[in-house]
Amino acid sequence: RHPEAYIRAIVTRGSGPILLDPATAGRPRRVVIVAPFTPHDAALYESGVSVHLVASGRSDTGITAGAKSGNYLVNVLALGAAKRRGAHEAILLDHRGFLTEGASSNLFLVRDGGLETPPLTAGILEGITRQQVFALARDAGVAVTERPLEPQDLRRADEVFLTSTLREVLPVREVVDAEGDAYLLGDGGPGPLTRRLLSAYRRAAGVLD
């Protein structure tokens, strides 16, 4: 037993011969992985993290677009590229050069007091934490706009943050573009709306009183 645990449920098509044809598999199998939860370093929420823009070549019409699948090759390669640049996370660019999502996170921009994030039609995962941030923003009277975003939108943003179950609401301080050039966002640290949403998220999750 763990006081706080990371749980992942996986559904497979079933066991069978090593073939591509799904009809050769038996009954679907369920696998549940449980591991101790290790939270991110608290210092990251005070300083913000660096992200690297990676051209993934992904298409929003791909067969796995928007699906939570075990095919992580693009994400693994992108994250490896980001780590080599010293970044915490990779932000994937699609085949048109638009921002989509992180290798394991969703992306939000703050501009003029409102939130902007890529739409689901970009082929991104909906994200449970992404949905929760939508609800928290509505409760706080903050407008949320889903629209196609380009890399230059990051430069115009007042704040940027990532969301995921493990990261919660994680501020971004720096972007390393696809060419390897780095620039700071906003004031170079977590912005007021990012901090406000992080606190609201933790209260909703029962982490804060």
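**Helix packing and aromatic contacts**

Helix 3 and helix 5 are roughly perpendicular to each other in this predicted model, because angles of 65 to 115 degrees fall in that class. Their packing angle is about 105°, and the axes of helix 3 (residues 128–139) and helix 5 (residues 192–204) lie 10 Å apart. On the side of helix 3, the contact involves Thr129, Gln132, Val133, Leu136 and Ala137, which meet Leu197, Ala200, Tyr201 and Ala204 of helix 5. Of the residues in this contact, 7 are nonpolar and 2 are polar, with no charged residue.

The structure contains 2 aromatic pairs. In one of them, Phe108 and Phe134 are arranged edge-to-face, with 6.0 Å between ring centres and 75° between the planes. This pair links distant parts of the chain, as Phe108 belongs to strand 6 (residues 106–111) and Phe134 to helix 3, 26 residues apart. Phe108 has a relative accessibility of 0% and therefore counts as buried; Phe134, at 13%, also counts as buried.

The rings of Phe108 and Phe161 are stacked, because their planes meet at 10°, with the centres 5.1 Å apart. Here too distant parts of the chain are linked: Phe108 lies in strand 6 and Phe161 in strand 9 (residues 159–164), a separation of 53 residues. Phe161 counts as buried, with a relative accessibility of 0%. Phe108, Phe134 and Phe161 together make up one aromatic cluster.

Arginine side chains also lie over tyrosine rings. Arg155 is placed over the face of Tyr183, 3.8 Å from the ring centre, and Arg202 over the face of Tyr45, at 4.8 Å from the ring centre.

Key. Residues are numbered from 1 along each chain as its sequence is written. This is a predicted model: local features need pLDDT of at least 70, side-chain atom pairs count only at pLDDT 80 or more; totals for chains, interfaces and linings use all residues. Side-chain values use heavy atoms; hydrogens and water are left out. Axes are lines fitted to C-alpha atoms, for helices over the stretch in contact, and angles run from 0 to 180 degrees between N-to-C directions. Helices (H or I, at least four residues) and strands (E, at least two) are DSSP runs, numbered from the N terminus. Angles under 35 degrees count as roughly parallel, over 145 as roughly antiparallel, 65 to 115 as roughly perpendicular and the rest as oblique. Contact means heavy atoms within 4.5 Å. Ala, Val, Leu, Ile, Met, Phe, Trp, Tyr, Cys and Pro count as nonpolar, Asp, Glu, Lys and Arg as charged, and the others, Gly among them, as polar. Rings of Phe, Tyr and Trp (its six-membered ring) pair if their centres lie within 6.5 Å; planes under 30 degrees apart count as stacked, over 60 as edge-to-face and the rest as tilted. Buried means under 20% relative accessible area, exposed over 50%, partly exposed in between (1.4 Å probe, protein chains only). A charge sits over a ring if NZ of Lys or CZ of Arg is within 6 Å of the ring centre and within 35 degrees of the ring normal.
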